[in-house]
Amino acid sequence: MQSIIQAALSRRSVLTGAAAVAGAAFVPEVAGSTALSAKEFTITARPGRAFLVGRGYPETDVWGYNGSVPGPEIRVRQGERVRIKVENRLGEETTVHWHGVRVPNAMDGVPHLTQKPIRPGETFLYAFEVPDAGSYWYHPHQRSFEQVGRGLYGALIVEEREPVAVDRDITWMLGDWRLGRDAQIIDDFGGRMEMAMAGRIGNTVTVNGGLPAPLQVRAGERVRLRLFNAANARIFALVFRNHRPLIIAMDGQPVAPHAPPNGRVLLGPAMRLDLLIDMNAEPGSRHAVRDSFYPTRTYTLSEIVYSGEPPLRRELPPPIYLPPNTMPEPALDGAERHEVAFGGGMMGLMPPHGIWSINGVSATGHVHEPLLHLTLGRTYVLALNNATAWHHPIHLHGHSFRVLARNGEPTRFREWQDTVFMAPRERVDIAFVADNPGDWMLHCHILEHQEGGMMGVVRVA
Ligand code: C2O
Ligand code: CU
């Protein structure tokens with residue numbers, strides 16, 4: 001069913017607008033056989049400067065890939081091999097993790113666990129194949145609460161084998177900063193108090209490393225908007241006034257197109273959502289994009305601004321189903337089930353001590369006794385239990401998993417994710433085939449929580 005819709009859509013003449021035609025003309029040489037080609041990139045982690053809050057303020061000293069925020073957008077095609085040389089010109093060790101990409105363990109970028117950290121002045125070559133299309137990102141895994149917080153992150157976009165029928169493909173990487181009046185980063189990373197609470201939430205939100213610019217559109221356009229939450233701790237809940245965005249992918253993985261619950265596009269740290277937005281409002285009109293996650297701190301993030309041109313087309317075809325990716329389907333009959341309990345955090349006036357834990361253990365580094373030993377090739381159900389009063393986006397490396405149930409209720413879309421958002425006291429069942437051998441991190445992606453011990457290792461062998 002999906003592939004028929006897909007095929008029909010890609011042949012529709014209505015969507016052979018400028019973008020689609022250009023896409024067809026520039027289909028890279030790799031289409032078809034990809035096994036031998038490798039795409040090469042070099043990125044340098046180094047200090048840089050960025051106009052985070054616009055030209056009216058001084059530039060901010062940041063750490064960035066190639067000195068910029070975000071780092072270069074790496075775009076490849078599904079099935080391609082990539083070779084990415086990472087050079088460290090920071091004053092401290094680093095690594096790069098390819099968040100959400102199912103890479104071989106040695107390429108996963110976890111310091112001491114999968115590789116030696118890259119020392120200042122050294123380089124490391126990451127080489128892997130990208131098995132699945134989707135929206136992924138890259139960031140350090142060494143002292144990430146500070147390195148990511150100072151700007152080290154970038155998008156890694158894996159295009160589908162066949163171009164997807166949209167007019168434009170737009171990336172919004174959401175960042176969060178704590179800036180002083182001089183527009184410089186306030187150097188208070190790793191504070192124990194925040195670590196025990198919601199994490200280090202800043203005072204300035206950026207889109208693609210700058211003041212959010214309005215989204216300029218034409219009526220009748222169909223846009224794919226890829227949202228990335230690259231913040232340490234800030235959670236977003238976006239509302240697109242007068243529009244009805246559909247979620248077509250979660251954490252890079254295709255999902256049946258659906259409107260977000262209550263019209264709020266919820267995005268915890270490290271999560272990605274691909275939205276399909278049909279621009280059906282009037283030419284010349286403007287519409288706010290509001291963030292309302294923290295009820296007392298709602299604000300307008302951006303705006304959709306329509307040109308005065310007449311609509312590009314009168315009617316848009318049915319929503320797009322992205323082609324499925326390559327994860328093996330979990331065999332739920334006879335799957336082994338494990339409880340994973342997340343504990344700790346500050347409640348009432350309890351002092352922050354030990355701070356966070358998984359199954360009672362508070363991690364102090366990336367290497368420790370695995371909390372789970374999984375057999376290669378078997379299906380597992382992990383019953384995640386958020387036994388805390390806080391939100392946690394929980395990320396598993398090396399795999400995508402299906403989200404089966406929340407508080408015992410089956411999910412409607414059994415979505416694939418690599419980072420699952422858990423509300424306080426929520427229980428979430430996830431399932432996956434442990435098909436990628438190695439030691440993989442399981443951790444909260446509120447980076448202060450990870451640093452405060454909410455981290456563990458899952459061994460697949
Ligand atoms: Cu995006 Cu273990 O991290
Ligand atoms: Cu957390």
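Biologist: Why are Cys-444 and His-449 called buried?

Modeller: A residue counts as buried under 20% relative accessible area, as exposed over 50% and as partly exposed in between, with a 1.4 Å probe and protein chains only. Both Cys-444 and His-449 fall in the buried class. The structure is a predicted model, in which local features need pLDDT of at least 70 and side-chain atom pairs count only at pLDDT 80 or more, while totals for chains, interfaces and linings use all residues; side-chain values use heavy atoms, without hydrogens and water. Residues are numbered from 1 along each chain as its sequence is written, and chains are lettered from A and ligands numbered from 1 in the order in which they are written.

Biologist: How do you know how far the prediction can be trusted by its own score?

Modeller: The score is pLDDT, the predictor's confidence in each residue, from 0 to 100. The chain averages 91, and 90% of the residues score at least 70. Over residues 1-35, however, pLDDT stays under 50. For that stretch the model has 41 contacts beyond four places in sequence, where contact means heavy atoms within 4.5 Å.

Biologist: Why is the pair of Trp-98 and Tyr-126 called edge-to-face?

Modeller: A pair of aromatic rings is described by the distance of the centres and the angle of the planes. Rings of Phe, Tyr and Trp (its six-membered ring) pair if their centres lie within 6.5 Å; planes under 30 degrees apart count as stacked, over 60 as edge-to-face and the rest as tilted. The structure holds six aromatic pairs. In the pair of Trp-98 and Tyr-126 the centres are 5.3 Å apart and the planes stand at 75°, so the pair is edge-to-face. Trp-98 belongs to strand E5 (residues 97-99) and Tyr-126 to strand E6 (residues 123-129), so the pair ties together parts 28 residues apart in sequence. Helices (H or I, at least four residues) and strands (E, at least two) are DSSP runs, numbered from the N terminus. Trp-98 has 0% relative accessibility and therefore counts as buried; Tyr-126, with a relative accessible area of 0%, is likewise buried. One aromatic cluster is formed by Tyr-65, Trp-98, Phe-124, Tyr-126, Phe-128 and Tyr-138.

Biologist: What makes Gln-147 a buried residue?

Modeller: Its relative accessible area is 0%, so Gln-147 is buried. Gln-147 lies in helix H3 (residues 144-147). Beyond its neighbours within four places in sequence, its contacts include Trp-63, Leu-90, Glu-92 and Leu-152.

Biologist: Why is Gly-408 called exposed?

Modeller: Gly-408 has 65% relative accessibility and therefore counts as exposed. It is found in the loop between strand E25 (401-406) and strand E26 (409-410).

Biologist: How do you know that E25 and E29 pair?

Modeller: Two strands pair if DSSP finds at least two bridges between them. E25 and E29 have four bridges and run in the antiparallel sense, with Ala-405 opposite Asp-429. Strand E23 (residues 379-386) is also joined to E29, by seven antiparallel bridges, and Tyr-380 has Phe-432 as its bridge partner there. Of the seven residues of strand E29 (residues 427-433), six are buried.

Biologist: What makes E10 and E15 edge strands?

Modeller: They belong to an open sheet of six strands in the order E10-E9-E12-E17-E14-E15, with mixed pairing. Strand E10 (204-207) and strand E15 (253-258) each have a single partner strand, so one side of each is left without a neighbour in the sheet. Four bridges join E10 to strand E9 (residues 168-177) in antiparallel fashion, and Asp-176 is the bridge partner of Val-205 in E10.
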